[in-house]
Amino acid sequence: MTNKNDATQLGSGLKTRHLTMMGLGSAVGAGLFLGTGVGIRTAGPSILIAYVIAGAVVMAVMYMLGEMAAARPAPGSFATYARAAFGPWAGFTLGWLFWFMMIMVLGAEMTGAAAIMASWFGVDPWIPAMVCVVFFAVVNLAKVSGFGEFEFWFAFIKVGVIVLFLVLGILLVFGLLPGHEFVGTDNFLGEGGFMPHGLPGLAAGLLAVAFAFGGIEIVTIAAAESENPQDAIKTAIRSALWRIGLFYVGSVLVITFMLPTAQIHDAETAAESPFTQVLKIADIPGVVGFMEAVIVVSLLSAFNAQIYASSRMAYSLAAEGNAPAALGRLSKDNVPFNSVLLSMVFAFASVGLQWWNPTGLLDFLLNAVGGILIVIWIMVAASYLRLHPRLERNSEITTVRVWGYPWVGWATIAALVAFVALMLFDDASRSQIFSVLIVMAILVALSFVTNRRSSQVGSRA
């Protein structure tokens with residue numbers, strides 16, 4: 001298990017509302033505004049079923065993770081519980097997998113935000129990227145309560161925009177805005193009906209949205225620095241899950257009612273976003289510029305939350321002896337200073353890697369990221385199956401409890417294995433499985449080398 005002081009040495013200024021918004025800030029990124037069209041185009045309105053299936057799986061994963069996190073709060077979260085369940089190799093591998101995933105995602109988030117901001121000011125993209133990296137370094141090096149407050153209001157802007165979109169969408173659908181009529185179901189059930197491409201289309205759509213809820217795991221990492229981890233986890237997970245579900249499902253409903261499927265595409269710019277197309281129907285002036293600003297805020301909010309998560313994971317790895325001890329040092333405000341700097345340096349390096357784009361390397365790394373989330377979720381369910389009886393015997397389980405042991409864990413693993421099977425039969429997704437297996441094999445091998453060296457040093461001492 002982790003150092004018993006691991007969770008308490010860090011600050012404890014995060015409130016439940018901070019945790020909730022951090023989960024939303026990381027899980028609801030630009031993918032909602034730009035990537036929603038992919039799933040709709042693939043499966044039509046039946047993509048709603050895919051969101052419900054993916055949401056149910058993630059809900060099960062988060063409640064299992066929540067039970068363990070409430071019983072044993074730790075900044076290493078699922079990596080700490082994997083170590084307790086299966087040994088040092090599991091904690092090492094899962095911790096560094098997550099850190100790697102965060103770094104690559106950070107690079108993608110900042111690359112997208114910097115490109116838009118550079119077009120606003122007519123400068124090279126590296127300039128706004130550098131400014132943002134320095135700014136968020138300052139935010140993350142501040143006392144954790146200050147960081148939490150900043151992220152709360154930063155993510156709140158994004159949430160406010162989504163709520164406004166849903167309200168406007170409902171008014172448009174029912175013809176309650178001046179100059180607009182009730183749209184009916186011509187778009188929703190037209191062009192092939194609810195499931196225009198049948199079950200194969202729904203399966204492909206499920207792959208397109210399977211990772212939509214990824215990022216909410218940050219809630220359990222941040223819980224170690226909350227004032228009351230047990231209550232904070234219970235409330236934050238429940239609040240974040242239903243809000244994320246509402247935002248995705250509600251947005252898809254509005255879009256599929258308002259736009260013909262043939263008009264919906266994968267969006268690379270704000271002007272192509274289905275959200276922009278709907279707002280144009282509502283005659284909102286300056287809608288493209290508005291959506292660009294929203295996308296930038298979404299990207300930067302996710303970037304901020306992910307810097308926090310990656311730095312806490314690095315700190316936890318150091319506390320476990322799976323990373324250099326320097327990463328475990330805290331500032332006077334109980335912030336892992338060196339771990340934050342490490343994440344910022346590698347985040348900027350990741351941005352540079354995406355601009356450099358060496359042949360084959362970037363595709364391989366980003367493909368690995370696509371499979372890491374599945375690995376983490378499977379390991380969460382497996383750790384729960386192993387640790388739940390232990391927590392029960394020790395009377396450690398709090399009010400955050402998963403009823404239905406062990407079938408909930410096994411059913412979740414079965415669903416995730418089915419996702420993997422779908423990925424293996426999909427040409428675009430198959431490479432994600434192979435890439436993450438290679439990265440995992442390297443990390444598992446490194447874990448045994450690291451543990452052997454640690455054992456040798458311990459025996460000499």
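**Figure 1. Packing of helix α8 against helix α13.** In this predicted model, α8 packs on α13 (residues 274-281) at an angle of about 50 degrees, and the two axes lie 10 Å apart. The pair is therefore classed as oblique. The crossing in which α8 passes α13 is left-handed. On the α8 side the contact is made by Phe165, Leu168 and Leu172, and on the α13 side by Phe275, Val278, Leu279 and Ile281. By class, these contact residues are seven nonpolar, no polar and no charged.

**Figure 2. The second largest pocket, lined in part by α8 and α12.** The volume of the second largest pocket is about 150 Å³. Its lining consists of Leu166, Gly169, Ile170, Val173, Phe174, Leu246, Gly250, Leu253, Val254 and Phe257. Two elements, α8 (144-173) and α12 (229-258), each give two or more residues to this lining. The most comes from α12, with five residues. Sorted by class, the lining of the second largest pocket holds eight nonpolar residues, two polar residues and no charged residues. Gly counts as polar in this scheme, and Gly169 and Gly250 are among the lining residues.

**Figure 3. Crossing of helices α6 and α14.** The helices shown are α6 (residues 88-121) and α14 (residues 287-319), whose axes come within 8 Å and cross at roughly 155 degrees. Angles over 145 degrees count as roughly antiparallel. This makes α6 roughly antiparallel to α14. The handedness of the α6 and α14 crossing is left-handed. Residues of the contact of α6 with α14 comprise 24 nonpolar, five polar and two charged.

Figure 4. One cavity of 30 Å³ or more is found when the whole structure is searched. The volume of the largest cavity is about 50 Å³. Residues lining the largest cavity are Gly76, Ala79, Thr80, Arg83, Gly91, Met313, Ser316, Leu317, Glu320 and Asn322. Elements that give two or more residues to this lining are α5 (77-86) and α14. The class counts for the lining of the largest cavity are three nonpolar, five polar and two charged. Arg and Glu count as charged, and the lining includes Arg83 and Glu320. Ala, Met and Leu count as nonpolar, and the lining includes Ala79, Met313 and Leu317.

How values were computed
Residues are numbered from 1 along each chain as its sequence is written. This is a predicted model: local features need pLDDT of at least 70, side-chain atom pairs count only at pLDDT 80 or more; totals for chains, interfaces and linings use all residues. Side-chain values use heavy atoms; hydrogens and water are left out. On a 1 Å grid over the protein atoms alone, a cavity is a set of points where a 1.4 Å probe fits but cannot get out, and a pocket is an open set with protein on both sides within 12 Å along at least five of seven lines; lining residues have an atom within 4 Å of a point. Grid points are joined across faces, edges and corners, and a volume is the space filled by probe spheres set on the points. Helices (H or I, at least four residues) and strands (E, at least two) are DSSP runs, numbered from the N terminus. Axes are lines fitted to C-alpha atoms, for helices over the stretch in contact, and angles run from 0 to 180 degrees between N-to-C directions. Angles under 35 degrees count as roughly parallel, over 145 as roughly antiparallel, 65 to 115 as roughly perpendicular and the rest as oblique. A crossing is left-handed if the near helix is turned anticlockwise from the far one by less than a right angle, and right-handed if clockwise. Contact means heavy atoms within 4.5 Å.
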